[in-house]
Structure formats: structure tokens, C-alpha cells
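This briefing goes through one protein model by topic. Please keep the sequence and the 3D view open while reading.

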Amino acid sequence: MNKIKSIVRYPIKGLSGENIDNIALEKNQVLPGDREYAFSRSHVTYDRNNPTYLRKTNFLALVKEEKLAKLDTKFDPKSRELIIRLDNQIVINETLFEEENIYKVETFFQNYLNLGIDEKPKLVRGIKVENNNNLTHSFSDIPDKAVSIINLDTINELEKKLGKKIAPSRFRANLLIDNGNPWEEFNWIGKKISIADCVLEVFKKTQRCAATNVNPENAIRDINIPNEINTHYGHLDLGVYARVLKSGLVSISDKLYIN
């Protein structure tokens, strides 16, 4: 029976993930704290008072900036302390409250990514509902408020087809599951998943893009993942999205019951 192997959230879009032992999923919300922040490109207009969905290409992301994978980043959402390491050396240690500190971080990315003089990215933040952790806007890859799921058994089968190891972190999912069958998650579309007291509904396959070509261990585009999936299976999908229908705490090793 499928069970949760890992729970991961990405506090800042395009940067390192944070492994979590358990987390409370909220109805009609993304994973709490996931993609709450992002670095938008200089030309992008983001109205925090009236946020709208923007495609991933409007932000710093692996789809265009593979060098981001070289950075080891840790972000504390409460203190807003951001620590960035490059080659095991701390290059940024700033608290993202004051404009001066934010400017330093924005300038770091401008220089690190060799962006033009007028192309300094801007730190943007999704809006939180007062007195709770829910985001009224997050910088997810799709407009829906969803949790992304990857089946590690599917990745294992793809590895055998390619004869290469594929780090699951290429796919930047929230819930990584195992102990099931390859590709069975596609049969869950339109079905409900019970995990402890939480209930989710799978509604969409995850189409893969060039971001997955980047090896997270060396920041090199070493495998054309969408092309390989298409060659071996005739589509571009790996993973699924699910909506949270009923709030509840989910933890590593929790079993998935498909209804």
C-alpha cells in the first residue's frame, strides 16, 4: 500500500526545499508555506493587493536559471532569515524585513545570474489570511491551490528505462510516496485519497518542463526529462496534483487509501 516517504515545501520559488516530518493540510489550500515567496523578474508587475496567477517564467526558476540549483538555501518563515551557501560558503545571511536587506539579496541574484543592469529581480510575497497560515495567493506553477504528488516507484521505473539515476528533487513535489506500483497515480484522477484524517482529490496530471532537465546535485542540464518520458511513454506527464477536500495532519509513513 502506498505511503508517504517525504514531505517537502519550497518556501521561496526556485530555491531549496525544506523536508518536514508532518504538516497540517488545510482545505482548498496549498501546502502551508509553499511558494509563499518568489523573485519576480524586473519587468513583472505584481499587485499584492490584487494578486493574479503568473506563469513560472515570470520568476527566477530552474526552467531558465539552472545556476539556482548550485545554491543551498535555508529560509525561516517566522524570522524571515535567509541563508544562502555556495560551495559550502555562506554568501548571504539576511533577514528579509528591511528594504536594505531585501535589496542586498535581490542584488546578489542579479550578480550571480549575470542579469543586466536594469534586470534586478524583486522579492514578492503571497498574501496570508490574518491569524492563520493560509495563503490567499502563492507562486505555484498552476493557478489552482493544490498539493503536488510524486510516485517514487514511477521514477524508479523511468530510471530503469534510461539506465540513469534520477533525483526525485528534480520534480519539486510536496508529497513523495512509495510502496505502490509505477504510474498508478494516473488512475487516481477524479478519485479521493484519504491520508490519516485528511482527504484529497486528484484532479490533474503534472506536465513536465525543462526545469526537470537540471540535475539538482550539480546544476547541469544532463537529462531531457520531458523528451525521455515522451519517448518511452508517449506523453509529457509525471506526477499529479490534488486538492485538499478535508483538512488534517499528514505525516511521514502515513498510508494512502484510494476511494
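In α1, the buried residues are Asn-101, Ile-102, Val-105, Glu-106, Thr-107, Phe-108, Phe-109, Gln-110 and Tyr-112; buried means under 20% relative accessible area, exposed over 50%, and partly exposed in between, with a 1.4 Å probe and protein chains only. The model is predicted, so local features need pLDDT of at least 70 and side-chain atom pairs count only at pLDDT 80 or more, while totals for chains, interfaces and linings use all residues. Residues are numbered from 1 along each chain as its sequence is written, and side-chain values use heavy atoms, with hydrogens and water left out. Helices (H or I, at least four residues) and strands (E, at least two) are DSSP runs, numbered from the N terminus.

- The buried residues of α1 pack against β4 (37–40), β5 (71–76), β6 (81–86), β7 (89–95) and β8 (122–125); contact here means heavy atoms within 4.5 Å.
- Helix α1 covers residues 99–112, and its 14 residues should span 20 Å at 1.5 Å a residue, which agrees with the 20 Å between its end C-alpha atoms. The expected span is 1.5 Å times one less than the number of residues.
- Asn-114 follows α1 and has a positive phi, near 55 degrees.

**Strand β4**

- Tyr-37 and Phe-39 point one way from β4, Ala-38 and Ser-40 point the other way, and all are buried. In a regular strand, side chains alternate between the two faces of the sheet.
- Strand β4 pairs with β8 in the antiparallel sense over four bridges; two strands pair if DSSP finds at least two bridges between them.
- Within this pairing, Ala-38 stands opposite Val-124 in β8.

**The open sheet**

- Eight strands form an open sheet with mixed pairing, in the order β2-β1-β10-β9-β13-β12-β11-β15.
- The edges are β2 (18–20) and β15 (256–258), each with a single partner strand, so one side of each has no neighbour in the sheet.
- Neighbouring strands of this sheet are turned by 35 degrees against each other on average, direction ignored.
- Strands β11 (residues 192–195) and β12 (residues 198–207) run antiparallel and are joined by four bridges. Lys-192 stands opposite Glu-201 in β12.
- Helix α2 (residues 152–162) lies across β1 (3–9), β9, β10 (175–178) and β13 (237–246), and runs at about 45 degrees to β9. Axes are lines fitted to C-alpha atoms, for helices over the stretch in contact, and angles run from 0 to 180 degrees between N-to-C directions.

**Salt bridges**

- The structure holds 12 salt bridges, each a side-chain nitrogen of Lys or Arg within 4 Å of a carboxyl oxygen of Asp or Glu.
- Glu-36 forms a salt bridge with Arg-125, with the closest N and O atoms 2.9 Å apart. Glu-36 lies in the loop between β3 (22–25) and β4 and Arg-125 in strand β8, so the pair ties together parts that are 89 residues apart in sequence.
- Glu-36 counts as buried at 2% relative accessibility, and Arg-125 is buried at 18%.
- Asp-141 forms a salt bridge with Lys-56, with the closest N and O atoms 3.5 Å apart. This pair links distant parts of the chain, Asp-141 in the loop between β8 and β9 (147–151) and Lys-56 in the loop between β4 and β5, 85 residues apart.
- Asp-141 is partly exposed, with a relative accessible area of 29%.
- Lys-165 forms a salt bridge with Glu-159, with the closest N and O atoms 3.7 Å apart. Lys-165 is exposed at 69% relative accessible area, whereas Glu-159 counts as buried at 11%.

**Aromatic pairs**

- Rings of Phe, Tyr and Trp (its six-membered ring) pair if their centres lie within 6.5 Å; planes under 30 degrees apart count as stacked, over 60 as edge-to-face and the rest as tilted. By this rule the count is eight aromatic pairs.
- Tyr-37 and Phe-75 form an edge-to-face pair, 5.1 Å centre to centre with 70 degrees between the planes. Tyr-37 is in strand β4 and Phe-75 in strand β5, 38 residues apart.
- Tyr-37 is buried at 3% relative accessible area, and Phe-75 is buried at 11%.
- Trp-183 and Tyr-233 form a tilted pair, 4.5 Å centre to centre with 55 degrees between the planes.
- Phe-39, Phe-108, Phe-109 and Tyr-112 form one aromatic cluster.
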